[in-house]
Amino acid sequence: MIPKLNILPFVSVDHMMKLVLKIGVERFLVELAGYIEDDFRRWQLFDKTPRLASHSAEGVIELMPTSDGEVYGFKYVNGHPKNMREGRQTVTAFGVLADVQNGYPVLLSEMTILTALRTAAMSALAAKHLAPVGSDCMALIGNGAQAEFQAVAFKALLGIRKLRLYDIDRTATEKCFRNLAGLGFDLVACSTAQEAVEGAHIITTVTADKQYATILTDNMVGSGVHINAVGGDCPGKTELHRDILLRSDIFVEYGPQTRIEGEIQQLAANHGVTELWQVITGSVPGRRDPGQITLFDSVGFAIEDFSALRYVRDQLTSTGLYQELDNAGRSRRTARPVWHAAACRGAAVEQGCHLTT
Ligand SMILES: NC(=O)c1ccc[n+]([C@@H]2O[C@H](COP(=O)([O-])OP(=O)(O)OC[C@H]3O[C@@H](n4cnc5c(N)ncnc54)[C@H](O)[C@@H]3O)[C@@H](O)[C@H]2O)c1
């Protein structure tokens, strides 16, 4: 695809935003969900490990690696709550794909935006397999950075039109409402989480709190509902009351990681859960009856990031939305010595040429 062996395509934040605009956010989410679904169908091929977290007093830095035997990928992502006070983002992320045969990186991409897209695509994909048939109303609790992506993904993949928004911060709901207005939603701003879940077929919780929070209590969840729990994704950070978990059929991405990070950290280590790939491949049923409460205990897993990077890589040739980084060396037989390049550069500068890289 990229003809020069030493060139590593780099997708910056600016290029990622242009890519999403060019493709269209709904089409991007649908196609990305398709890539995730394809990779979940070939689940057994992948190396799998819970993410590797390096905690400090100020935050966490995590690595999320995987490989399908032909392509290796990883995401680097941090979480530093104090950053906001210093004018920095709480979370930044980038990812790499590499060729397993020769170890050369083949893509370097920003993943701060891409993570929000893949999280939303994953949520909607899970709901496609688990939510009640004919769902058209979703409660969206937590109206921050992820929320709008979730809303658009559920519209694109499930046809959700009615959204009931709630956030403890009224200004977050107002901003979310404004940004989603005009996109074909029927929007209601609610004053409590209880009000938000009334009449909803799907409940998405996507709040940020560094503790065992109780965004939903047991009495708020009626039979037949699908819960998409996104915000509880760290040890000591959950959103649902434990009793809800005990009434639900629980679906996870990768059990060993979700037991550490997800809602199910509140349950016994042997509590039964189903990995979503089993539903996607048809080996285990998803929703079995209309009264069942299904819960997608989302934490975000390396294979989803791998799928997202694979999707971005496949868009590069047709869009040209990347920069070229001169990253890899050529073989010793063909490469010129380093001093030769340096000498050329010196000669060019003497002749008044300015080399830019
Ligand atoms: N599962 C995944 O794959 C995945 C991926 C990305 C982010 N996340 C998680 O999603 C969550 C949301 O991320 P974000 O980037 O949107 O954060 P954000 O800080 O932009 O927004 C979070 C919102 O939650 C609200 N909130 C906090 N406590 C609340 C409560 N009790 N009731 C209602 N609203 C409440 C806040 O006011 C804020 O508006 C975070 O916890 C993040 O770690 C999960």
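Because the model is predicted, local features need pLDDT of at least 70 and side-chain atom pairs count only at pLDDT 80 or more, while totals for chains, interfaces and linings use all residues. Residues are numbered from 1 along each chain as its sequence is written.

The protein chain is divided into domain 1 (7-113 + 304-349) and domain 2 (134-300), with bounds that come from an automatic or database domain assignment. Taken over C-alpha atoms, the centres of the two domains are separated by 28 Å. At their meeting point, 14 residues of domain 1 are in contact with 14 residues of domain 2, contact being defined as C-beta atoms, placed from the backbone, that lie within 7 Å. On the domain 1 side, helix H2 provides the largest share, eight residues. That side divides into eight nonpolar, no polar and six charged residues. Here Ala, Val, Leu, Ile, Met, Phe, Trp, Tyr, Cys and Pro count as nonpolar, Asp, Glu, Lys and Arg as charged, and the others, Gly among them, as polar. Helices (H or I, at least four residues) and strands (E, at least two) are DSSP runs, numbered from the N terminus.

What does the largest nonpolar core contain? It has 90 residues, of which Leu29, Leu32, Ala121, Ala124 and Ala153 touch the most other members. Helix H3 gives the most to this core, with ten residues, and at least three residues come from each of domain 1 and domain 2. A nonpolar core is a set of buried Ala, Val, Leu, Ile, Met, Phe, Trp, Tyr and Cys residues joined through C-beta atoms within 7 Å. A residue is buried if 20 or more other C-beta atoms lie within 10 Å of its own, exposed if 12 or fewer, and partly exposed in between, with C-beta atoms placed from the backbone. Beyond its neighbours within four places in sequence, Leu29 is in contact with Leu117, Ala120, Ala121, Val152, Ala153 and Ala156.

Helix H4 (residues 147-158) reaches 16 Å from its first C-alpha to its last, close to the 16 Å expected for its twelve residues. Eleven of the twelve are buried, so H4 is largely enclosed by the rest of the structure. The buried residues of H4 pack against helices H2 (25-41), H3 (112-130) and H5 (170-180), and against strands S7 (137-141), S8 (162-166) and S10 (202-205). Gly159 follows H4 and has a positive phi, near 75 degrees.

The ligand is surrounded by 25 residues, the closest being Gly144, Ala145, Gln146, Ala172 and Gly300; a residue belongs here if its C-beta atom, placed from the backbone, lies within 6 Å of the ligand. H3 and strand S11 (212-216) each supply at least two residues of this shell, which divides into eleven nonpolar, ten polar and four charged.

Finally, Leu108 lies in strand S6 (residues 105-110) and counts as buried, with 21 C-beta neighbours inside 10 Å. Cys190, in the loop between strand S9 (186-189) and helix H6 (193-197), is partly exposed, with 18 other C-beta atoms within 10 Å.

Technical notes. Expected span 1.5 Å × (residues − 1). Contact = placed C-beta atoms within 7 Å.
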